[in-house]
Each structure stands twice: as structure tokens, then as C-alpha cells.
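Subject: Structure handover

Hello,

Here is the structure for you to open. Please have it on screen while you read my notes below.

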Amino acid sequence: MAALLQSTPESRDGATTAKRLELLQPALRQDETPSPPSSPSLLSPSSSPLPALEAAFVLSALGAEPVPQQRDACVRAALQAYNRPVDRLPSGLVYHEAMLEHRDPQSAHPESPERLLAMAQVLERAGLLQRMTRLAFGPASTDDLLRVHSAAHVGEVDALRRSEPEQRGIFASEGTARAAFLAAGGVVRACEAVMSGEVANALCLVRPSGHHAEHARAGGSCFFNSVAVAAAAAVARLGCRRVLVVDWDAHHGNGLQRAFFTSDAVLCVSVHRRLGGRFFPPGPDGGPACTGEGRGAGFTVNVGWNSPGVGDADVLAAWGDVVMPAARAFAPELVIVAAGLDAGAGDPLGGCTVSPGGFSQLTHALTGLAGGRVVLALEGGYALQTLAACALVCAQVLAGAPPLPLGPLEAPSPAALEAIRATLSAHAALNVDFARRWAGRWAPSRPPPLPPTPDEAALFVERVRAQLPPSAVARFNTMMHGYRAGSATMADAIACFEDLFRGRADLLGELNRFLPDDMKLPSHSRAGSDGSDGGNGGSSSSDY
């Protein structure tokens, strides 16, 4: 029940976090094994960059203090989960071999074609490619690009045929222009497929990256801002009134921030390293005080880490205190993630220690929004094993598998909590209803609530349907479908449940287990003024 599983499983106490996270993992049969590939490979026999990308390689990327047997069981469970039959739309995949032709002709740049090959290979060996719908797509249209970029910039990218060392972090080759147009077109196509119901969600293995590209200039290995182009297209022509863009790349997406700085149709949330403005891209962008302007005031949210070594506990705290509360208040109809994986442990450029399990938890939380309409688009990530391991677990969550369990977590660092506090303070101080509504209710000293397991949610739904009269069950079912379809917000659902469960302290109490603290309902909610309890379950003749 997506409406009841919105909160993220963080805690400021590591042992409690580990114990609670164990509750989120359904039992998996240990005798299941991945199905053999049944469709043509995306990879040619000679294109494999890593000769031994098996499940065992994923273990090394999980890092690890746990003993080998524990790591093996953890990864085996994750690899098995996708084999379970699920009555749902497939996940979409965006991938095009032409994006491998973008390369640095002069040196071995870390933004290399091998990045896409490593991810495609591990997805294939895990059996996920056969379970995803590969989406056909072409270059981004001029109309879509011009919503974000200037005509002069589009023309300059189209004409790229050589390296341009005068621009920091930029290189170009014969295949760069085509790859850049395809990367933007692929993310737009993924959003079209998700919004039309062709697929449930989508993973975009695209390059070159995009989130540093600005209106009239390339930067940071980015030419077109693919996520921004897709978000703008979703608002302009896909019928989306509210699009949530989440950037979890280790580097701030300065281009993304500037694209929507004055818009209230796109909530742009970035969690990144900042180091007081010294980390790339340097400057004031990405600080907590960058909150948007005009109609967009409050719709830009930045959590900037000012210390190195940011790990799972820190990003999960940001998710619980900032990202998810803001997202729930915004009630998006589509979620697009600038899914840079350079915050993963061992990445040479990110300097963070987020585990594959951490990324799977972040992905899992976001799939509880917008009826599950989530598009992940690759940005950074330069350590091939870490990159492939993190992409694998994110794809598994999109395909319906549970997130990887996390081991015991230490409390978030004081520097991380200070960064979160700075973001909350900046937004709570704004004279903007939306910003105050979410930032004013949360503080980093209060841990977010734990979501019950999916099995517990399903049992609760069945109990509700068994105990309410038929007319109330019909209302309940209509609200559930509306929430999943994105036509009803979480607040709409809670108001409906409050009315349906009036006088039922048992159902209200159980419902509160699924709600964040600021949305919990009193157990006597809407009881009759005469002291009656409003009915006694299914035998009542209540006038629902």
C-alpha cells in the first residue's frame, strides 16, 4: 500500500536502525537462483570491460566489515528477489550503443564509455535486462531542448567535433554530439513511457552527464541538461503539474538549480558535497540559502555537506528530515532522479562512502511517491565496480525487489546534522507557505517514523475491507486507486481515512503506525458529539 509506506527507515541510533531495517526484508527462499538470459545481449562478446563481473564482484563494492557469509547472503537475497513473479508493469530501460562513442580523444578521462558497459553487464548477468522493457528513442527534439538551453548552445553542441580544453572538464570527440542529443532524448522518452503507463518506472543508462550544463554553456563533462530537459517537457506537454527532481550526485547540479530557480512546477532537491563552496562546482550555488526566487521561492532545496566521508547514516538522515517531508508536501506527479553514483564508496571523485544498500534505500523511499512514477537517469559515478553495484541494486528496487538491508549504522555526523539544520532553517524562515509547511514541522533531532513492512500494510488493508460496510469499502478502494494513479495526494487519503474510521479507535491507532508524526490522527477522531463511537465495524448501519 504505497500511501502507507512513505517514510524512510532512518534512525539516529545505529543499532535501532539495523534492527528496524531487518523488519523491512521479506523472507526469501534460499534455493532460488536467477533465470538464465532469454533475450539477446546488449553487449557484444568483446565489449565486456570487466572480465569477472559476477555477483561476487558486487560483494566487494558492498564494502565491508560484515563477514563474507553475511555479505554473500545479503547479495544472494537481492539477486533472488527479482525472480519473484509480480503483477505489475515492467520497468523501462534507456540505453543506446551510440552513447559509447563519446570519449576523450586525448587522455583516459574517468567519464568513459566503460561506465555504461559495466552497468549493462552487471544488469545482464543478474537477469534484469530480460525483465525490463527496452525503450526505443531518438535524439531530443529542438523544441524540448530550447525550453532549457539557448538556440546558440544547441547549435554549438550539434557542431562539436573536437576537444575543447579551454572549458574545464569538457572534452569532445566525433561521437559527442550524437551522444548528447540521445542522452537528453532518452530521459524524455523514459518520462513519456512512465506517464503514459507503458512502463511503471525507468532506468536511463545515459552519457554524457547533464546536471552541470546551463542555459548557454556546457560544463563538468555535461552538454545538455537531460534531467532538466525531461522535467520541462513533462510540465509543458505531458500533463504534469508538479515534478520532483532529486539530485543525489556527490556534486551539486548547478545547471538543474538554475533551470528551475523561478518555477513552482518543479521542486528541485539536491543532496551533495559542498565544503563551503570549494567542492566542484565552486561558488555559492548549492548552499542552503539558495531556495529559489519569485514564484519558485522555496522550491529549490539544497543539503550541502561541508565535511568529507559522507555515508549511509548521513544521507538517510537527509532523506528523513528534508527530502521526503518536502516531497510529501509537494505531492509530485512524476519523480526524476539525477542519479549520480559518485557518492558511492571508493569513487575517486566523490569522496563519500554511501553503500549500494544506501542507494537502494533512497530509491525505495522515492518509489512511494507519485504513484511509483520514478525515472532514474545516470549522472556521475567513476569507480566501475561501485558504479555497477549501485546501478544494480537501484534497478532491482525499481523492478519490485526490497531494498538491501543495511548493517548497524552509526549516528549521522555532527557536521551532517548541522547541514540538515541549515537547510531546514533557511526554508522555515521563508515567507512561503509550501516551504514553512514542511520545514517547520521537522527537526534533525527527531528521527523519522519507521514504515511497517509491505506485508503488514497488506494485512491492514484487508482488515479494513473486512470490517467496513460495502459503501465505505468502495470509498476506500477509490481513494487507494486515486493515490496510486497520482490523482489524490497523501493528505487527501488521510482525510478520507479519518472520515471512514471515525469512532474506530482500533483502526485509527493502526493507521497511525503508517503516518509521519505530523499527520497522525487522534484516536477519537470525528467521534459523534453524543459520545457514540460512530459504529462497530461491518455490522454498523452507518450512512457512509
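Which residues touch the most other members of the largest nonpolar core? They are Trp-248, Trp-305 and Trp-319, in a core of 129 residues. Keep in mind that this is a predicted model.

Start with Trp-305. Leaving out residues up to four places away in sequence, Trp-305 touches Val-271, His-272, Arg-273, Arg-274 and Leu-275, among others. Another core lies apart from the largest one. That core has 20 residues, including Val-464, Leu-468, Ile-494 and Leu-511. As a general point, nonpolar side chains tend to be buried together in soluble globular proteins.

Now follow some of the pairings. E1 (residues 91–94) runs parallel to E3 (residues 201–204), and four bridges join them. Gly-92 stands opposite Ala-202 in E3.

E8 deserves a look of its own. Is E8 mostly covered or mostly open? Mostly covered: five of its five residues are buried. On one side are Val-374, Leu-376 and Leu-378, and on the other are Val-375 and Ala-377. Both faces are therefore covered, as a buried residue has under 20% relative accessible area and these residues are all buried.

E8 pairs with E3 in the parallel sense, over three bridges. Cys-204 stands opposite Ala-377 in E8. E8 also runs parallel to E7, and five bridges join these two. Val-335 has Val-374 in E8 as its bridge partner. From E7, the chain crosses through helix H11 (residues 356–366) to E8. This β-α-β crossover is right-handed.

Last, the aromatic rings. How many aromatic pairs does a search of the whole structure find? Eight. One of them joins Trp-248 and Trp-319, in a tilted arrangement. Their ring centres are 6.2 Å apart, with 45° between the planes. The two residues are 71 residues apart in the chain. Trp-248 is in the loop between strand E4 (243–247) and helix H9 (254–259), while Trp-319 is in helix H10 (residues 312–330). Trp-248 counts as buried because its relative accessibility is 4%. Trp-319 is buried too, with a relative accessible area of 1%.

Phe-476 and Phe-497 form another tilted pair, at 5.3 Å centre to centre and 35° between the planes. Phe-476 belongs to helix H16 (residues 470–485) and Phe-497 to helix H17 (residues 490–500). They are 21 residues apart. Both are buried. Finally, ring pairs link Trp-248, Trp-319 and Phe-359 into a cluster.

Best wishes

Conventions: Residues numbered from 1 in each chain as written. Predicted model: local features only at pLDDT ≥ 70, side-chain atom pairs only at ≥ 80, totals over all residues. Heavy atoms only, no water. Core = buried A, V, L, I, M, F, W, Y, C linked by side-chain atoms within 4.5 Å. Buried < 20%, exposed > 50% of the residue type's maximum accessible area, 1.4 Å probe, protein only. Contact = heavy atoms within 4.5 Å. Pairing = 2+ DSSP bridges. Right-handed = clockwise from strand over helix to strand, strands pointing away. Phe/Tyr/Trp six-rings, centres within 6.5 Å; stacked < 30°, edge-to-face > 60°.
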